[in-house]
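Student: Please take one part of this model and look at it closely. I would like to follow how its pieces touch.

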2 protein chains.
Amino acid sequence: MVPHLITALNGPINELEQRILESMPAIERWFRLEWMEHTPPFYTSVDVRNAGFKLAPVDTNLFPGGWNNLTPQMLPLAVQAAMAAIEKICPEAKNLLLVPENHTRNSFYLTNVQRLVQIFTQAGLNVRLGSLDPNVTAPTTLPLPDGSELSVEPLIRGKRRLGLKDFDPCTILLNNDLSAGIPAVLENLHEQYLLPPLHAGWAVRRKSQHFDAYEEVAKKFAKLLGMDPWLINPMFGRCGKVDFQSGEGQDCLQTHVDTLIGKVRRKYKEYGIQEKPFVVVKADNGTYGMGIMTVRDAKELADLNRRTKNKMSVIKDGQEVNEVIIQEGVPTYERMNDAVAEPVVYMMDRYVVGGFYRVHADRGIDENLNAPGAQFVPLAFAESHHLPRPGEKPGASAPNRFYMYGVIGRLAMLAASYELEAQDPQAETDY
Amino acid sequence: MVPHLITALNGPINELEQRILESMPAIERWFRLEWMEHTPPFYTSVDVRNAGFKLAPVDTNLFPGGWNNLTPQMLPLAVQAAMAAIEKICPEAKNLLLVPENHTRNSFYLTNVQRLVQIFTQAGLNVRLGSLDPNVTAPTTLPLPDGSELSVEPLIRGKRRLGLKDFDPCTILLNNDLSAGIPAVLENLHEQYLLPPLHAGWAVRRKSQHFDAYEEVAKKFAKLLGMDPWLINPMFGRCGKVDFQSGEGQDCLQTHVDTLIGKVRRKYKEYGIQEKPFVVVKADNGTYGMGIMTVRDAKELADLNRRTKNKMSVIKDGQEVNEVIIQEGVPTYERMNDAVAEPVVYMMDRYVVGGFYRVHADRGIDENLNAPGAQFVPLAFAESHHLPRPGEKPGASAPNRFYMYGVIGRLAMLAASYELEAQDPQAETDY
């Protein structure tokens, strides 16, 4: 079953689907060549939005949670991809240290951690959990909804290595996005593989740098397919010094919003799209769906209410917002039982291993769906994104649509790879 | 659902299952280290037999057909493994030339070829079919049961490269086991990847060399797990000059059968197994279930009837039998609806990508099931061999049993890797 695409204007994306299917071997080869030059992030999830006239990634997560939302049928793919990843990074590895987020009372998040432990154990590693939380001073047992439990242990930092009591890992895998800053305990670990690298964390990473890289990737890909890159690329601008409480930087914000809405309007006109353009203002280092607002007119910024100001000022782990990205809004026209839906694509190493729909009954087509009340529907992605069916009517076949989403997800992952290379603090000495 | 294991004596294999599950990360790491030293065959299928007291591979196929017997759910794993394989061999490849068997009227076989085309197309290659059959002098369309069709084209051999009209492949993949001998058209192709290599074909390969290598692998693995290698290793002997029609070599055969039955009897005594030992005599270069007979007493060999002599004298593609392997018989005690069943494990590159049960209603527990009338049941292998469930009762959990079968299949694949290295005609100049 494919979620219903409720827009009359789905021609451009149905055409894109057809072109992607026809070019499948060329696309796969193109990715293969890109991965010869660039290293994929260890694991990635990408939020994609399908407007019928445009299909674009809107967020790329390098510390993906939500593995528990994948179906059991998808897990063998994740295990196989994890095997391939480990083989390249540290084939002799026995031990993997997994560092989760600190919010250990969230049973959804813990189930995600349980799933990651399962994947990497099955890939042939002894997996244990080490916490960045200073309150974890002894091994702590966390009960899981299925009746089993996880044990989180305090990290033990030696001069050159990080581990747990009686546990010296070859690789340290972060499932913690470091929004709160880079902890000293993770610095200068030159003997062990720390994945993803520290500069992938939100203490350093910026969405605008990601979308800079994505623009480059989208242009290359669009050239390969002979299409307008705008069809897959959300335009954006940025403001470097914004304070929603004091109003500092509001001019910059209004100018950018105004300019971007104008650009979108021209594109809509070019394609005959009868929609009202909108933009999304986001914290440039934000995650967890925090620090996001939808703006349809620059004037709205002049009188933000207190609630919105508060929402935009502080994000995950209490970090203040002072840099923002202003991104072209891509409405999502997919519906599951009348609720707005957006696909999320999961990748491990260079492989698409699954995905699901994030569905929100109380949100609009132009709003962020990563918010309390969201549901996760792992439907047809399950067995199909690897097996498109050429010849089927564009837009009507789940395998074909999901193959296309897998391609877009991988473009965003490739952009993350470019982004991490550009931001690598060691790049100049290493190359 | 796990097929019923109809033997009171399943203690040793239930214990093996438990030990394999407990040692999972160590086993996966051991394979990882082996694959650092040895190259896996491109693709492999392995017939496994479970006697309850013993679990062993009995045949390892390096040109596996039967991909059509895997479920659609397993295909994404095959595609992902094919991507990994291609990336290592020829990442810049655009074109893959697939060389199938010549029996193009067998719709089951053609469906297998169709499935392989699908897998490699999806992995990002333009796939076309080239025939070794001299009767194929122009592109020939072959109808498939699902209403679609395949096109088989004549091979075009240049001085240094093999291809088709307007098609120059980077890699040539054989799905033809070369039982009829090595065709001149495949020789001296040093510019292209020919997979599997020529010495993997039955014109060169010998089962006894494979089981020599398997014995070495089984001993290493048994040492890792602290167990008797006999539990997973079928004993064997060989006779190099046998003519079933003239009676030549009958002494050798009788002596080996007698000795082997004696050895098996001693092992049965050691384990308290109340079974009558038997051996299987097979053409040392045989395939397709041809040239195989079950022997319970060496005396049976003295008066073989004409039908048996004929059956043992000529195998696939009309090749005469003059070398035989005498292998310890491993009864299969798995049952699907009262029919005898044996698992077949499918691998691509180093990954287990699926499997099925070969089920034969008219055959006994000590007979070859690869015979007309066999059925294929792709059951629980589907989603489970990657996801064992530690803690479940040994012998009762499908994922656990299939994980064990995947381990045994990979041991046989590793043995094939050793075997191919030992037989490589270029080995001495290359290393």
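**Where the parts meet**

Chain A is divided into domain 1 (1–62 + 206–234 + 330–424), domain 2 (67–203) and domain 3 (236–329); these bounds come from an automatic or database domain assignment. The model is predicted, so local features need pLDDT of at least 70 and side-chain atom pairs count only at pLDDT 80 or more, while totals for chains, interfaces and linings use all residues. Residues are numbered from 1 along each chain as its sequence is written, chains are lettered from A and ligands numbered from 1 in the order in which they are written, and side-chain values use heavy atoms, with hydrogens and water left out.

Start inside chain A. The centres of domain 2 and domain 3 of chain A, taken over C-alpha atoms, are 34 Å apart. In contact (heavy atoms within 4.5 Å) are 6 residues of domain 2 of chain A and 8 residues of domain 3 of chain A. Together these two domains bury about 600 Å², with 43% of it on carbon and sulfur atoms. Buried area is the accessible area (1.4 Å probe) that two parts lose on being put together, summed over both. S179(A), A180(A) and W202(A) supply 69% of what domain 2 of chain A buries against domain 3 of chain A, more than any other three residues.

Now the two chains. Here 40 residues of chain B are in contact with 40 residues of chain A. Chain B and chain A bury about 3600 Å² between them, and 58% of that lies on carbon and sulfur atoms. R32(B), Q80(B) and Q122(B) supply 20% of the area that chain B buries against chain A, more than any other three residues.

Look at the charged pairs next. A salt bridge is a side-chain nitrogen of Lys or Arg within 4 Å of a carboxyl oxygen of Asp or Glu. The rule finds 2 salt bridges across the interface of chain B and chain A. R350(A) and E87(B) meet in a salt bridge through their side chains, at 2.8 Å from N to O.

Which elements of chain B take part? Helices (H or I, at least four residues) and strands (E, at least two) are DSSP runs, numbered from the N terminus. Helix 2 (24–37), helix 3 (75–89), helix 4 (107–122), strand 18 (351–360) and helix 9 (398–423) of chain B each supply at least two residues of the side that touches chain A. Helix 3 of chain B gives the largest share of that side, 10 residues.
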